[in-house]
Amino acid sequence: MKCTKEEGDNMVYSVINIDIIGSRKITNRKTVQAASIKHIEQMNRKYKTILAAPITLTLGDEIQILLKAPYKSYMIINCFQRFFDQFHLDIYAGFGTGTILTNLYDDTRRMDGPCFVNARKALEIAKTKNPFYNQYVKSKDNYVFFYSDDIPLTSDRHQHLTLSPYLFSNEVAVTKVEEQITFNQLINNLISNNEILKKKLTKKQKDIISHYEEAGSYSKMIDNNPSLTKASISQKLTASNYSQILLNNMLLEQMLYEYCQEMIFNLNPND
């Protein structure tokens with residue numbers, strides 16, 4: 001099915017490419033594949049309003065997602081991370097933003113444009129784990145990367161913020177530093193910090209976070225499990241750095257939103 005775009009459509013989309021780590025070595029492969037298909041169907045229904053096309057399975061175990069609300073990209077990645085975690089599987093995820101040069105189709109494999117190119121590059125970067133060859137990802141615990149046009153972050157005085165060279169005077173800090181601070185740098189730094197925190201979570205901590213988010217409050221958690229107390233729930237969430245993870249998620253969404261607003265302005269400067 002084809003959905004035509006309006007002529008001169010300069011909407012900004014995001015593409016997320018997800019690759020299951022070690023997918024060829026999965027012993028219960030059929031079970032995981034069947035569950036993945038069911039999960040994708042549920043995601044297509046739940047997030048229909050922000051999806052520009054149904055989520056597509058490509059290249060065997062690779063998943064491709066096209067969003068018309070790019071600021072929700074990291075949230076969608078979180079959903080897939082949690083899904084595959086039940087099978088003790090991790091994922092590489094690369095996402096990028098930009099326009100689409102083709103018509104919109106139900107099958108993302110029939111489309112192309114800068115957002116698809118950037119997402120492919122982002123996944124390639126996420127999968128390059130040797131820090132000697134990867135000038136972008138500096139943590140071995142981070143499998144998520146955002147790649148798109150660099151847009152400088154400006155202050156209220158419309159002057160570019162810059163990094164002090166003294167911050168990077170030793171060899172182990174970075175191999176390449178851009179003088180101007182960009183949205184991209186801040187977004188990826190937030191992602192990296194959050195992924196490091198998430199990798200440190202124990203199974204019990206993941207469970208308590210999941211139960212809290214499903215219940216929505218301490219009281220409802222206690223109703224479901226009377227052995228719990230507000231103090232014990234709070235203690236477990238604090239030990240898991242849940243508040244910091246949640247704050248990072250919120251900041252990432254806001255930063256991605258602001259970034260896309262800048263992209264839209266650059267595409268339509270006279271509007």
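**Helix packing in the predicted model**

The crossing of α4 and α8 is left-handed, a term applied where the near helix is turned anticlockwise from the far one by less than a right angle, with right-handed used if the turn is clockwise. The structure is a predicted model, in which local features need pLDDT of at least 70 and side-chain atom pairs count only at pLDDT 80 or more, while totals for chains, interfaces and linings use all residues. Residues are numbered from 1 along each chain as its sequence is written, and side-chain values use heavy atoms, with hydrogens and water left out.

Helix α4 (residues 183-199) and helix α8 (residues 242-267) have axes that come within 10 Å and cross at roughly 160°; axes are lines fitted to C-alpha atoms, for helices over the stretch in contact, and angles run from 0 to 180 degrees between N-to-C directions. The two helices α4 and α8 are therefore roughly antiparallel to each other (angles over 145 degrees). Contact (heavy atoms within 4.5 Å) involves residues of α4 including Phe183, Leu186, Leu190 and Lys198, and residues of α8 including Ile245, Leu252, Tyr259 and Glu262. By class, this contact of α4 with α8 has 12 nonpolar, five polar and three charged residues, where Ala, Val, Leu, Ile, Met, Phe, Trp, Tyr, Cys and Pro count as nonpolar, Asp, Glu, Lys and Arg as charged, and the others, Gly among them, as polar.

For helix α1 (residues 29-46) and helix α2 (residues 73-85), the axes come within 11 Å and cross at roughly 150°, and α1 and α2 are therefore roughly antiparallel to each other. The crossing in which α1 passes α2 is right-handed. Val32, Ala35, Ser36, His39, Ile40 and Met43 of α1 meet Ile76, Cys79, Phe80, Phe83 and Phe84 of α2, a contact with nine nonpolar, two polar and no charged residues.

Key. Helices (H or I, at least four residues) and strands (E, at least two) are DSSP runs, numbered from the N terminus. Angles under 35 degrees count as roughly parallel, over 145 as roughly antiparallel, 65 to 115 as roughly perpendicular and the rest as oblique.
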